[in-house]
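Hi,

Here is the model I promised to pass on.

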Amino acid sequence: MCNRDMSEVVHVWERHAAIHLLRFSPDGGYLAAGSLEGPVDVYSVAQRYKKVGDCGGNIGGAIAYLDWSLDSSFLQTEDSVGQRCMYHMPYGKLVTDKEEIDASPWASWSCPRGAEVAGVLPRYGPPRQLMSLDASVTGGVLAVGDGLGFIRLYRFPTFQKGSRFRRYIGHSAPVTAVHWSHDCAWLLSIGGTDHALFQWRFIPEGLHPTESDAPPQETLADSNSEESSSDQSEMAELDSDIEQDMQNNVMRQGALHHLHSCASSNNGTSSHRLHAKLNEVYKEDLQRLQKQGKEKGQTFASQRCERPPNDSLRLHFVHGYRGSDCRNNLFYTQTGEVVYHVAAVGVVYNRHTHSQRFYLGHDDDILCLALHPVKDYAATGQVGRDAEVHIWDTETLRPLSILRGEHHHGVCALAFSADGKRLVSVGANNENLVVMWEWKRGEKIASARGHRDKIFFVQVNPHNADRLLTVGVKHIRFWQVTGGGLTWRRGEFGGVARCDTMLCAVYGRSDDLSYSGAASGDVYVWRGVALLRTIKAHDGPIFSLHALEKGFVTGGKDGMVGLWDDSFERCLKTYAIKRSALAPGSKGLLLEDNPSVRAVTLGHGHILVGTRNGEILEVEKSGPMTLLVQGHMQGEVWGLSAHPHLPVCATVSEDRTLRVWDLSENHCMLAVRKLKKGRPKVLPKIYNNFNSSGGVMM
């Protein structure tokens, strides 16, 4: 494809199996393509990608890694069974002379085997779950992305097993690819199911970062360390987006990968036994699983480990927003910054400088976010066996309180009381436990089982902190704190309207008046527990509803934002999220018109909108809108490649988009192409790449 307009340059059909690995030679003369069939095909760029070579000898499985030598005369491969080979280019003759191999300087190194990268392996026990690695040959550092979502930084080459490394957190899923920028100023990483592209600043030895007052983003780690009433639900009537939200599995993808690999090596593990295991494994279990098999009886003293690099990384920018399966997770702070979350990162975004700061206290997927009504404090809830809620300061990025011990599997909804002293959390397990906290003291005030069906949203009554409501699949419940417990009453629909799935809710001007957004697109108006009336607000589910001083703002699946009067009787203005309405200063491109709106709020004279496509927009009341941040949406992100000369990279995802990103201070998506529809293939690796001039991308 042409890098400028994403148009197709040439189409080559050679293999029946999926092509999942592409590498241009450093001189730009050849393209190597690895498929699931095994052999590597070599194409001549000057001959319009005519096949000129075939590296088929001595390959035992699908090609997993490719690297070119600096002079483009050799190609290094590693297949799925761990066999590493080298070939003369471009014709594909196998290299057998060890001296010739050792004398070849490499332009890149992504193979996890070889003496040069032996340090990434532990001294004892089974190998770590390495997902990807990339060496900066000139910088002398090696970046590794693992199945736990960590980025690890080693010296390169690293010859001694069990070498020490620097470890960085942020991703909440296995890191499917890491890649250095053309000048090694940046490290890029993608986390498969967290849909995020991370941009890390490389800080060479002796150079202190400008963000010296920021919380540390790394931990030194030894690779041998012990740490390193039941309402009837009619599922067939549910909207497709709502059904996907209900089935959203908070099970960690790293655990899935680990257990599937175990199953593949153990033919006696049946599918139903594997499924049972998957439902019980979380990210915090993976280190224990990976340490199984460690050699017993090690009594001798450890050899001294190779030192970690003096260079370091600092997270600089994250392209992404979790809107595909979350809602109401986007807010303005009192200072006008924007708070949201993606992967395991709480992001504080400055609209004026187009910069980000990060809360990195979580170690797994953040599922929900609430903002303190008085101070600039944020509460975020995550996935986990003992799921945690973190309350943190958006200015200092320091944790104020961590609540744990009540929720299992995850926390799916949070809400502060009007005075900010209390916090309500809702669990994501079968009980959907509702807990009210005095968060500063870390003490539980009351708790109760929420509902057998999924709860989507919780809201505390701003007029009475002892009252709250929850909404979810085919239900709405009104709660009252009674002693150390919570009692509830079901919403009474009467003959006004049918029972519907409720997705969001707010309280009105009195303590007995409330409004809920339904899957039908109607707003339900409640007095106490009785339904008074309904108003048609959207064509399709209402995912977000926000109360203003005088009025309300709503957002729906139809891609519309509505401003309403204070009695919810008249829509004052509507805004359609369209590409034609984007202002010139937008930081990216809308993937489509009328994307589903998952979060909406108003403040500082603007309307803030989050979409299911992973986009955050700021809408002026007069109509124009500015795209602030965006990322991939549903599906895993596997492909990553950096431009050979410019601060540009490309990513490809199972959301069927190929995207080109600007890594300069603009931090935006430059181009996007929707890929052909069809049944997706499950691939172990997918890479795209630029040629040496940067004008063509595969």
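Which residues have the most contacts inside the largest nonpolar core? They are Trp180, Leu313 and Tyr340, in a core of 34 residues. Before going on: this is a predicted model, where local features need pLDDT of at least 70, side-chain atom pairs count only at pLDDT 80 or more, and totals for chains, interfaces and linings use all residues. Residues are numbered from 1 along each chain as its sequence is written, and side-chain values use heavy atoms, with hydrogens and water left out.

By nonpolar core I mean a set of buried Ala, Val, Leu, Ile, Met, Phe, Trp, Tyr and Cys residues joined through side-chain atoms within 4.5 Å; buried is under 20% relative accessible area, exposed over 50%, partly exposed in between (1.4 Å probe, protein chains only). Among the elements giving two or more residues to the 34-residue core are β10 (141-146), β17 (312-319) and β43 (625-630), while β15 gives the most, with four. Strands here are DSSP runs of E, at least two residues, numbered from the N terminus. There is also a second, separate core of 18 residues, including Tyr65 and Val117.

β43 turns up again in an open antiparallel sheet of four strands, ordered β40-β41-β42-β43. Two strands pair if DSSP finds at least two bridges between them; β41 (residues 606-611) and β42 (residues 615-620) have five. His606 sits opposite Glu620 in β42. At the edges, β40 (597-603) and β43 each pair on one side only.

Now the rings. The structure holds 20 aromatic pairs (Phe, Tyr or Trp rings, the six-membered one for Trp, with centres within 6.5 Å; planes under 30 degrees apart are stacked, over 60 edge-to-face, the rest tilted). Tyr154 and Phe165 make a tilted one, at 5.2 Å centre to centre and 45° between the planes. Tyr154 is in β11 and Phe165 in β12 (residues 165-168), so this pair ties together parts 11 residues apart in sequence. Both residues are buried. Phe493 and Trp526 have ring centres 5.3 Å apart and planes at 80°, so that pair is edge-to-face.

Is Ser401 buried or exposed? Its relative accessibility is 10%, so Ser401 counts as buried. Its side chain reaches the backbone oxygen of Trp439 at 2.8 Å.

Cheers

Terms used
Polar contact = N/O pair within 3.5 Å; in protein donor to acceptor, adjacent residues only side chain to side chain.
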